[in-house]
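Keep the viewer open as you read.

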Amino acid sequence: MPVPGPPAARPPAAERRRHDREILALALPAFGALVAEPLFLMADSAIVGHLGTAQLAGLGVASAALTTVVGVFAFLAYATTAAVARRIGAGDRRAAVQQGIDGIWLALLLSAGLVALTLLLAPQAARLLGASATAEPYAVTYLRISALGVPAMLLVLAATGVLRGFQDTRTPLLVAIGGFTANLLLNLGLVYGAGLGVAGSAWGTVIAQNAMAAVYVAVVVRGARREGATLRPDAAGIRASARAGGPLLVRTLSLRAVLLLATAVAAHLGDAEVAAHQITMTVWSFVAFALDAVAIAGQAIIGRYLGAGDLPGTRAATRRMVEWGLGAGVLFGLLMVLGRPLYVPLFSSDPAVRHQLSTALLLAALTQPVGGLVFVLDGVLMGAGDGRYLAWAMLATLLLFVPAALAVPALGLGLAGLWWAMNLFMLSRAAFLVGRVRTGHWMVTGAVRA
């Protein structure tokens with residue numbers, strides 16, 4: 001049953017230290033695993049960049065398409081983490097493994113359609129994303145080969161959710177390190193050694209991703225045998241995983257719509273503005289990875305506490321993670337401002353771009369404490385399985401952001417106006433999340449959220 005209640009009183013120092021150790025043990029490895037996918041793309045870009053401008057442009061377009069597709073299905077990890085963690089908290093490890101296997105089967109079923117669509121629509125996707133006539137063939141080549149890695153990418157998402165639910169973020173980190181190393185070596189060998197060019201880069205990444213998926217399958221199969229769970233697909237379990245993930249899919253699509261609209265508005269402001277916006281978003285996104293690591297810890301910890309029926313523990317852990325999120329947000333906000341002389345020259349030497357950056361970065365830094373709060377509470381509510389509220393809240397936030405963003409070019413507010421709109425977006429998210437957490441209605445106990 002939903003159990004409303006006031007925020008937890010500040011716990012004793014010993015309990016705070018216990019929560020700190022648990023949060024760090026989950027968040028630090030999670031951060032390492034989170035940056036693996038950007039590192040894949042960075043390695044590909046560094047290697048392909050030496051082939052020529054058209055090849056690099058094609059890779060950029062293809063990478064944007066793949067990142068969007070895979071990012072939309074991040075719910076496979078989030079929903080699985082929460083569901084598995086609840087079962088662990090309830091002491092039913094066999095059901096926890098079974099829940100994870102259902103999520104993996106859902107990932108494989110979804111990937112079958114995605115592979116077909118990618119193979120069929122690769123040229124149209126490349127043109128839609130603005131590939132030039134010279135870059136389009138390379139983008140299509142990379143997309144079509146990479147389509148063969150989509151099942152592995154979605155399987156990795158779902159299996160990562162299983163392990164996070166078991167409070168294990170170390171194994172995903174080790175797999176990510178191994179995958180990145182294999183990807184780098186394979187790409188060097190296939191692009192230059194075998195002379196396959198862009199196709200070699202795509203094949204190297206596909207092989208590395210499938211190797212990562214194979215490791216995860218081995219880990220899950222071993223766990224299933226140990227706990228006596230079946231590996232066969234269960235229609236009811238797969239449907240339940242889809243129902244749990246559906247609201248999170250809506251949430252993710254709404255978030256993607258905000259980010260795409262922001263980029264589209266920046267593109268209408270001018271070349272210097274859109275360049276400065278992309279640099280600011282790059283820094284903002286990297287900071288988001290660090291804050292999201294605490295959110296992942298929240299998903300696993302909160303799901304476990306609610307599965308065990310421990311409401312005082314849920315409140316205490318939530319309070320401590322909020323403190324972590326706010327503190328990390330303040331720290332990263334200061335680093336974004338104070339570190340500008342060190343990192344801005346790495347991105348651009350254009351005085352016009354740097355002028356735009358000076359304001360955009362300050363505005364982005366301003367709401368990093370709010371971002372820390374948002375990411376943590378997002379993770380807490382995901383861990384509680386409160387996906388329906390998260391979906392409606394993100395849709396409402398999108399509706400608030402759209403007129404604010406569209407007003408920027410209409411009123412001539414420039415890049416500063418766009419980042420004020422982005423800050424409104426973050427403040428709106430914070431208001432919705434804080435309001436929900438304070439009600440306590442999200443704290444539904446039990447092995448399965450009714």
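In which helix is Gly161 found? Gly161 sits in helix 7, which covers residues 150–165; helices here are DSSP runs of H or I with at least four residues, numbered from the N terminus. Before going further, please note that this is a predicted model, in which local features need pLDDT of at least 70 and side-chain atom pairs count only at pLDDT 80 or more, while totals for chains, interfaces and linings use all residues. Residues are numbered from 1 along each chain as its sequence is written, and side-chain values use heavy atoms, with hydrogens and water left out.

Is Gly161 buried or exposed? Its relative accessible area is 0%, so Gly161 is buried (buried means under 20% relative accessible area, exposed over 50%, and partly exposed in between, with a 1.4 Å probe and protein chains only). Leaving aside neighbours within four places in sequence, Gly161 is in contact with Ala77, Thr80 and Thr81, where contact means heavy atoms within 4.5 Å.

Now turn to Ala90, which is placed in the loop between helix 4 and helix 5. Ala90 counts as partly exposed because its relative accessibility is 39%. Not counting residues up to four places away in sequence, Ala90 touches Gly307, Ala308 and Ala447. Met281 lies 191 residues from Ala90 in sequence, and 40 Å separate their C-alpha atoms.

Zooming out, the chain is assigned domain 1 (25–233) and domain 2 (246–449), with bounds from an automatic or database domain assignment. Over C-alpha atoms, the centres of the two domains are 23 Å apart. Their contact takes 24 residues from domain 1 and 32 residues from domain 2.

The largest nonpolar core has 126 residues, and those touching the most other members are Leu76, Leu154, Ile302, Met336, Phe401, Trp419 and Trp442. Such a core is a set of buried Ala, Val, Leu, Ile, Met, Phe, Trp, Tyr and Cys residues joined through side-chain atoms within 4.5 Å. Leaving aside neighbours within four places in sequence, Phe401 is in contact with Val258, Leu261, Ala262, Ala421, Met422 and Phe425.

Grid points are joined across faces, edges and corners, and a volume is the space filled by probe spheres set on the points.

The second largest pocket has a volume of about 660 Å³. Of its 27 lining residues, Ala240, Arg243, Ala244, Gly385 and Arg449 are the closest to its centre. Helix 4 provides the largest share of this lining, eight residues, and each domain gives at least three.

The structure holds one cavity of 30 Å³ or more, and the largest cavity has about 60 Å³ of space. Its lining includes Arg251, Asp378 and Arg429, and helix 16 gives the largest share, four residues.

Notes. On a 1 Å grid over the protein atoms alone, a cavity is a set of points where a 1.4 Å probe fits but cannot get out, and a pocket is an open set with protein on both sides within 12 Å along at least five of seven lines; lining residues have an atom within 4 Å of a point. Helices (H or I, at least four residues) and strands (E, at least two) are DSSP runs, numbered from the N terminus.
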